[in-house]
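Please read the points below alongside the model.

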Amino acid sequence: MSKIVLYWHPMSSATPVACALAELDVPHERVKIDITTGEQRRPDFLALNPNGKVPTLTVDGAPMFEAVAIEMWLGETYGVKSGLWPAEGTPERLQAMAWSTWSYVTYGAQLVRLQAARDMGTPDDAHGTAGHKGMDELLGLLDARLAKQPWMLGEAYSLVDLIVGSVIGYSVYIGAPVQKHPHVLAWLGKVQARPSMQIDA
Ligand SMILES: N[C@@H](CCC(=O)N[C@@H](CS)C(=O)NCC(=O)O)C(=O)O
């Protein structure tokens, strides 16, 4: 098995990656990068991730970054046998990649708008209002999917639930209207109750 090292900081974008490693039961080492004291800008860390951000993962010394890329790679590498990630060549694999990317990119873009407005102390300005509305519309799509099936890919829990659930869960804290979408709310509660989500990360 490859040697996996996760460079992380508690309660950060690295948290869902740590949870994914726990869910998939992947042996790994964790190296804490203190982003509050600037360790992420040390030359040795920038050599692994020129963005100077966590999460960063190395696989036998080879680095990768961006949480969603790492999570999808972990799924396809360690999750297929256990059924936590769909096999290559299946329609479910296509859906797994589509919804994982959707959560970070499409939903994430609206989330960033609201977060920026909140950070500036003006959550109800044009950006904040548009971000809130954008998230509400996207949560409607998710709600419709989860009204038809209990989990993101159908009848069984998968890593896609952890990936999408991490982004939706974070958005609750910045004011996304998740409570208006009952199927999303119920599903999120189940995702957040998984033992892998209780770890110290
Ligand atoms: N798009 C990146 C975002 C990573 C990110 O923003 N990480 C933050 C912690 S939540 C960080 O390392 N910040 C340190 C800095 O910007 O100096 C991902 O999903 O991995």
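With which side chain does the side chain of Asn49 make a polar contact?

1. The partner is the side chain of Thr56, at 3.0 Å. A polar contact is a pair of N or O atoms within 3.5 Å; within protein, one must be able to donate a hydrogen and the other to accept it, and residues adjacent in sequence count only if both atoms are side-chain atoms.

2. On provenance, this is a predicted model, in which local features need pLDDT of at least 70 and side-chain atom pairs count only at pLDDT 80 or more, while totals for chains, interfaces and linings use all residues. Residues are numbered from 1 along each chain as its sequence is written, and side-chain values use heavy atoms, with hydrogens and water left out.

3. Asn49 sits in the loop between helix 2 (43-46) and strand 3 (56-59); helices (H or I, at least four residues) and strands (E, at least two) are DSSP runs, numbered from the N terminus. Asn49 is buried, with a relative accessible area of 1%; buried means under 20%, exposed over 50%, partly exposed in between (1.4 Å probe, protein chains only). Apart from neighbours within four places in sequence, Asn49 is in contact (heavy atoms within 4.5 Å) with Pro55, Thr56 and Phe65.

4. The residues around the ligand include Gln40, Arg41, Lys53, Val54, Glu66 and Ala67, each with a heavy atom within 4 Å of the ligand. A polar side-chain atom of Lys53 is 2.5 Å from a ligand oxygen atom. Of the 520 Å² of accessible area that the ligand has on its own, the protein covers 69% (Shrake-Rupley method, 1.4 Å probe).

5. Helix 6 (residues 159-173) is largely enclosed by the rest of the structure, because 12 of its 15 residues are buried. Among them are Leu159, Asp161, Ile163 and Ser171. The cover includes helix 1 (15-24), helix 3 (67-78), helix 4 (91-119), helix 5 (126-148) and helix 7 (182-192). Gly175, with a positive phi near 105°, follows helix 6.

6. The protein chain has seven helices and four strands, in the order β-α-β-α-β-β-α-α-α-α-α. Its radius of gyration is 17 Å, which agrees with the value near 17 Å for a compact globule of 201 residues (taken over C-alpha atoms; the rule is 2.2 Å times the number of residues to the power 0.38). Of the 201 residues, 48% count as buried.
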